[in-house]
Amino acid sequence: MAYKSLDPVTSSDIAALGISVELAESLHGRLAEVFRNHGSATPDTWRNISSHILSPDLPFSLHQMLYYSCYKDFGPDPPAWIPDPENAISTNVGKLLEKRGKEFLGVKYKDPISNFSDFQEFSVTYPEAYWRTILDEMNISFSKPPECILRENFSRDGKILNPGGEWLPGACINPAKNCLNINFKRSLDDTMILWRVEGKDDLPVNKMTLEELRLEVWLVAYALKELDLERGSAIAIDMPMNVHSVVIYLAIVLAGYVVVSIADSFAAPEISARLKISRAKAIFTQDLIVRGEKTIPLYSRIVEAQSPMAIVIPSKGSSVSAELRHGDVSWHDFLKRANDFKKCEFAAVEQPIDAYTNILFSSGTTGEPKAIPWTQATPLKAAADAWCHMDIQKGDVVAWPTNLGWMMGPWLVYASLLNGASIALYSGSPLGSGFAKFVQDAKVTMLGVIPSIVRTWKSTNCVTGYDWSTIRCFSSTGEASNIDEYLWLMGRAHYKPVIEYCGGTEIGGGFVTGSLLQAQSLAAFSTPAMGCSLFILGSDGYPIPRNKPGIGELALGPIMFGASKTLLNADHYDVYFKGMPSLNGKVLRRHGDMFELTSKGYYHAHGRADDTMNLGGIKVSSVEIERICNEADDKVLETAAIGVPPLSGGPEQLVIAVVLKNSDNTAADLNQLKLSFNSAVQKKLNPLFRVSRVVLLSSLPRTATNKVMRRILRQQFTQLDKSSKI
């Protein structure tokens, strides 16, 4: 839809959106006052409109009209949220810079907002000073302190032995112990976990204090010790993310074992593969997964996967609903082994910094999943990202629908507990009003999302009527987000910022993200993560000049705290460094995403490098086309853009796979959709691009981490063409 500038917007225009005439006139009067004070098309105009005029109960069409009208002539990356100087100095980084900004940055230090980018550069240039400071700020405790923060090892011929460096050499630590310590961030009475079970949405939120959490974790750690496993043994968790799984996770780490993370959505063959790769000696699971009135078998999948000994937690009540295999034990019988140690503190097993603490897996859509070990340092990277970028502090309540099988599960544990915040867990689907009510009742302050969840909330309107005013910020990861959907999301919490967060399991967190000290643009990243440097590779395979706008495959500076150094089932150097260009004597690290740096200094993600296509000799990202097609017709829920080579050879043809909002609409006019897509793509992207075909699907194929499997669609469409030809 084309929007006119804000100046000529009338009360009639507002009323036409379904707002009463009386309210429309009132809103128009308040708009006029904003115009008088801030003009009609500036970032300050939007900040005042979003802060003082718009509210969640007003039609979203009004939010859209005012946003797009305000920024009609602004150009790329208009700020949807702008930091307030008074609030900025109360953030973690703001307080640190006010205290030590001149020490770090010298005479150029002015204030946290003005100098945030300088501080990010400082974190890369002076990693020793930066990480020493952040670990102190987070009150991280070592049983044996590191000899230094970073050591770069060179061979006799001057080559770097480990491109990523050696972090915290000589240190010993236990991350779980740090989560349970009493310090200035928490006391025994502080709430550490809040939770609710789906279907019990009218009951009070359950709470667990630090004292209760410590006792639960210690008991499980003692029971684990009774299994008489070797120190460092791998123990799997395959169950929903609930209070039991968090306790188990912390207990495994506290006792000096290694968690093997397996998502509860996996089928038996995928479970079996991960158990074999990790050589797990035991597994924690549930008998069933309960989703409202529906139950999904889980223990039976563990049995089918031929797992080692299983400890089985009942999904309801105190008794397991399934008959157990010989050698498997119920949760009740497992805990009975530690009866003599109730309320006894468990002495944490301190580990060398490079010892494994968690084995996670890439989503691996084809072939064997990539097994990525986290060391004892990786949890500190996760928590530091949360401290710096999401501003998680004592008293915050952090919710992020996820699972321990994916990196955001362990990330949530460490990002919350190491920073003195509470974890908020909803045992059920995050897609309905029950979860929205939980966010309200738990008084969540940082809500993590993935775009597909937001898309469902918006299309079903299930969050209407719930008060999300306690939210200080959102964060989003997993896939490229949509501008309108995230404008809608911000509006549900009176325009709190969305901190986009992109990284990887092998990073232990993010490499590009946002900050509460920078203006945030929708579906964009405002900064490299602290301690990370980003390089966009040009067509020659080498980095384009720094700060020059451009698009290309993203490479990372190799020196990243907490990042992986080994893989269990692949050569780490071959996967991440082989064939990559060097810069200033250091080989860059491969990531594989396509990124764009805009003229305003924001980063945009354009999917995987292998999700690009060549249309008439022009390289274009699938994500770019999908963003345009998603907005081309109101009936469209989501799309996938695929480049399919013709059977007779020649340039790739653009095929759009479409999922409609109304899944029952099987009689959609695909020709009309094709016309709409062509018009939008040619107008907004390139007049030479042409959609050759539109294919209607009930859903898009996705990995378990919610990434669209365009490669699978490409194979299916190519095979379909071959079959048609035959």
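**Rings, cavities and a buried helix**

Let's start with Asp77: at 7% relative accessibility, this residue counts as buried. Here, buried means under 20% relative accessible area, exposed means over 50%, and partly exposed is anything in between, using a 1.4 Å probe and protein chains only. Before going on, bear in mind that this is a predicted model, in which local features need pLDDT of at least 70 and side-chain atom pairs count only at pLDDT 80 or more, while totals for chains, interfaces and linings use all residues. Residues are numbered from 1 along each chain as its sequence is written, and side-chain values use heavy atoms, with hydrogens and water left out.

Asp77 sits in the loop between helix H4 and strand E1. Helices (H or I, at least four residues) and strands (E, at least two) are DSSP runs, numbered from the N terminus. Asp77, though not a glycine, has a positive phi of about 55°. Asn584 is another such residue, with a positive phi near 50°. You'll find Asn584 in the loop between strand E28 (582-583) and strand E29 (586-587). Asn584 is exposed, with a relative accessible area of 76%.

Nine of its eleven residues are buried, so H4 is largely enclosed by the rest of the structure. Among the buried ones are Phe60, Leu62, Met65 and Tyr67. Which elements do the buried residues of H4 pack against? They touch helix H1 (11-15), helix H2 (21-38), helix H3 (43-52), strand E1 (79-81), helix H18 (451-460) and helix H19. Contact here means heavy atoms within 4.5 Å.

Next, the aromatic rings. The structure holds 30 aromatic pairs. Rings of Phe, Tyr and Trp (its six-membered ring) pair if their centres lie within 6.5 Å, and planes under 30 degrees apart count as stacked, over 60 as edge-to-face and the rest as tilted. Take Tyr222 and Phe346: their rings are 5.0 Å apart centre to centre with 75° between the planes, an edge-to-face pair. Tyr222 belongs to helix H10 (210-225) and Phe346 to the loop between helix H14 (331-336) and strand E14 (351-352), so the pair ties together parts that are 124 residues apart in sequence. Both partners are tucked away: Tyr222 is buried at 13% relative accessible area, and Phe346 is buried at 7%.

Phe266 and Trp406 are edge-to-face too, because their ring centres are 5.5 Å apart and their planes stand at 70°. This pair links distant parts of the chain, 140 residues apart: Phe266 is in the loop between strand E8 (258-261) and helix H12 (268-278), and Trp406 is in the loop between strand E17 (397-399) and helix H16 (408-417). Phe266 is buried at 4%, and Trp406 is buried at 14%.

Rings can also gather in groups. Phe104, Phe119, Phe122, Tyr126, Tyr130, Trp131, Trp167 and Phe561 form one aromatic cluster.

On a 1 Å grid over the protein atoms alone, a cavity is a set of points where a 1.4 Å probe fits but cannot get out, and lining residues have an atom within 4 Å of a point. Grid points are joined across faces, edges and corners, and a volume is the space filled by probe spheres set on the points. The count comes to two cavities of 30 Å³ or more.

The largest cavity holds about 180 Å³ of space. Of its 22 lining residues, Trp167, Gly562, Ala563, Ser564 and Lys565 lie nearest the centre. Trp167 is also a member of the aromatic cluster. Strand E16 (371-375) gives the most to this lining, with four residues. By class, the lining has nine nonpolar, nine polar and four charged residues. Ala, Val, Leu, Ile, Met, Phe, Trp, Tyr, Cys and Pro count as nonpolar, Asp, Glu, Lys and Arg as charged, and the others, Gly among them, as polar.

The second largest cavity has a volume of about 50 Å³. Helix H19 (483-492), strand E21 (498-500) and strand E24 (520-521) each supply at least two residues of its lining. That lining divides into seven nonpolar, two polar and one charged.

How values were computed: On a 1 Å grid over the protein atoms alone, a cavity is a set of points where a 1.4 Å probe fits but cannot get out, and a pocket is an open set with protein on both sides within 12 Å along at least five of seven lines; lining residues have an atom within 4 Å of a point.
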